[in-house]
Amino acid sequence: MSEKLKPCPHCGGEARSVTGWTPKGTCKSFVICTKCETSTKTYFVNYQYYEISKEEAANKAKQEAIAAWNERYTSWNLLMEILDKHYPADVFSDPESQLSKDAGSQIVTKLREINELRAKTKRGR
Ligand SMILES: [Zn+2]
């Protein structure tokens with residue numbers, strides 16, 4: 001009953017969950033993109049510390065890594081949806097206007113640039 005992995009937030013590649021053990025009984029898990037090798041941090045769960053079985057520790061570490069991976073994908077898409085809804089693509093199109101010089105408009109402009117770069121990267125693969 002493990003949660004399904006979303007595609008890589010950077011290149012759209014397939015993601016893979018990796019789980020292993022340290023010699024002292026701590027399960028370690030992370031998620032990595034099979035194309036560009038972007039990964040989450042490694043999540044450690046020691047079964048003795050939590051007083052759970054080794055299997056439960058493995059599941060916990062794995063689920064924490066998967067949740068972090070999926071959150072990264074979801075949060076970017078949500079951010080772009082909010083941007084599209086409240087700041088249409090052409091709202092700050094004139095770089096010379098006073099409005100384009102405030103921090104808010106610069107942030108929106110940068111986010112759009114990043115989104116275009118991400119889309120280009122995905123198409124290029
Ligand atoms: Zn990737």
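C27 has V45 in β3 as its bridge partner. This is a predicted model, in which local features need pLDDT of at least 70 and side-chain atom pairs count only at pLDDT 80 or more, while totals for chains, interfaces and linings use all residues. Residues are numbered from 1 along each chain as its sequence is written. The protein chain holds three helices and three strands. Helices (H or I, at least four residues) and strands (E, at least two) are DSSP runs, numbered from the N terminus.

**Overall form**

- In sequence order, the elements read β-β-β-α-α-α.
- The radius of gyration, taken over C-alpha atoms, is 20 Å. A compact globule of 125 residues would come near 14 Å, by the rule of 2.2 Å times the number of residues to the power 0.38.
- The C-alpha trace spans about 60 × 30 × 25 Å along its principal axes.
- Of the 125 residues, 14% count as buried. Buried means that 20 or more other C-beta atoms, placed from the backbone, lie within 10 Å of the residue's own.
- Among contacts with a separation of 6 or more, 45% join residues 24 or more positions apart. A contact means C-beta atoms, placed from the backbone, within 7 Å.

**The sheet**

- Three strands form an open, antiparallel sheet in the order β1-β2-β3. Two strands pair if DSSP finds at least two bridges between them.
- β1 (15–21) and β3 (43–46) are the edge strands, each with a single partner, so one side of each has no neighbour in the sheet.
- Neighbouring strands are turned by 20 degrees against each other on average, direction ignored.
- β2 (residues 26–33) and β3 run antiparallel and are joined by four bridges.

**Helix α2**

- α2 has 33 residues and reaches 48 Å from its first C-alpha to its last. That is close to the 48 Å expected at 1.5 Å a residue, counted as 1.5 Å times one less than the number of residues.
- α2 (residues 54–86) lies across β1, β2 and β3, at about 30 degrees to β2. Axes are lines fitted to C-alpha atoms, for helices over the stretch in contact, and angles run from 0 to 180 degrees between N-to-C directions.
- Its buried residues are A57, A61, K62, A65, I66 and W69. The buried residues of α2 pack against β1, β2, β3 and α1 (47–50).

**Domains**

- The chain is divided into domain 1 (1–71) and domain 2 (87–125), with bounds from an automatic or database domain assignment.
- The C-alpha centres of domain 1 and domain 2 lie 33 Å apart.

How values were computed. A residue is buried if 20 or more other C-beta atoms lie within 10 Å of its own, exposed if 12 or fewer, and partly exposed in between; C-beta atoms are placed from the backbone. Two residues are in contact if their C-beta atoms, placed from the backbone, lie within 7 Å.
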